[in-house]
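Thanks for coming. I have one model to go through today, so please look at the sequence and the structure on the screen.

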Amino acid sequence: MNSRGVRHTFGSLAALALTCSLAAQPYVAGQSYFGANNYIEYRAGNLPIILTASHGGSLTPGEIPDRTWGTTINDGNTLELTEAIAQEIFNRTGRRPHIILNHLRRIKLDANREIGEAAQGNAPAEQAWGEYTNFITAARAATERDFGFGYLLDIHGHGHAIQRVELGYNYSSELNLSDTAINHPAILFHGTLRTLALSRPGVPFHTLLRGEGSLGDLLNNRGYPTWPSPSFPAPGSDPFFGGGY
């Protein structure tokens, strides 16, 4: 193994060790917790809702070189949007969702890619990646402990000409299928609503995905054009961000 490989392996192991220690500590709802150099922030909550924002940070520290491959452009205003969503949830419920924020610009860290692409061998970036991942793990553990389930919303932006909210669920062209085809288990298990679907055995999957009462339907009914939903069930040939890593 060459020296670069040794450094990368050591950095990955250090990030893993830090990740384990962060996951084990107790967190108090309403308080913020930070990783090294305040690159990553976790605001603990007391609802089974987790909000993550990985591509909206502004920090560009010199100790982390610019990433040289992969996507490096920020998703504009996504930290602000995540905070606004969390505040509105608090205003309505008096309780707080869990929030995990990456304050580094995407050119320094892409927190929701695998560590090689995300940090590109830089030790401080790898540490931040581990902290981001582990804060999510801690939030998941808290929602499972306190409620038996949790719902994670990963907040991104898109540059598509059609101004609609895009609920990826890890589907894109699959949304052009018929309801009957979408209900097939192979389609269901490919996406990120599979746990929700398994907990609602009496509800057809296409209804959860884009039918009456779905998240897309709720947003549409409040004036925010959204797909998939009853009004916009499928993108057809239009660009649509289905999700990623």
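I will start with the sheet, then the helices on it, and end with salt bridges.

First, the ground rules. This is a predicted model, in which local features need pLDDT of at least 70 and side-chain atom pairs count only at pLDDT 80 or more, while totals for chains, interfaces and linings use all residues. Residues are numbered from 1 along each chain as its sequence is written, and side-chain values use heavy atoms, with hydrogens and water left out.

The sheet is open, has five strands in the order β1-β2-β4-β3-β5, and its pairing is mixed. Strands here are DSSP E runs of at least two residues, helices are H or I runs of at least four, and both are numbered from the N terminus. Two strands pair if DSSP finds at least two bridges between them. At the edges are β1 (32–34) and β5 (151–154), each pairing on one side only.

Going through the pairs, β1 and β2 (residues 40–43) are antiparallel over three bridges, and serine 32 has arginine 43 as its bridge partner. Four bridges join β2 to β4, again antiparallel, with tyrosine 42 partnered by isoleucine 100. β3 and β4 run parallel, joined by four bridges, and here threonine 52 stands opposite isoleucine 100.

Which side chains cover the two faces of β4? His98, Ile100 and Asn102 are buried on one side, Ile99 and Leu101 on the other. Buried means under 20% relative accessible area, exposed over 50%, and partly exposed in between, with a 1.4 Å probe and protein chains only. Five of the five residues of β4 are buried, so the strand is largely enclosed by the rest of the structure.

Now the salt bridges, defined as a side-chain nitrogen of Lys or Arg within 4 Å of a carboxyl oxygen of Asp or Glu. The structure holds 10 of them. One joins glutamate 83 and arginine 43, at 2.7 Å from N to O. That pair links helix α2 to strand β2, 40 residues apart. Glutamate 83 is partly exposed at 30%, and arginine 43 is partly exposed at 24%.

Another joins arginine 210 and aspartate 179, also 2.7 Å, N to O. Arginine 210 lies in α8 (residues 205–210) and aspartate 179 in α5 (residues 179–182), so the pair ties together parts 31 residues apart in sequence. Arginine 210 is buried at 7%, whereas aspartate 179 is partly exposed at 33%.
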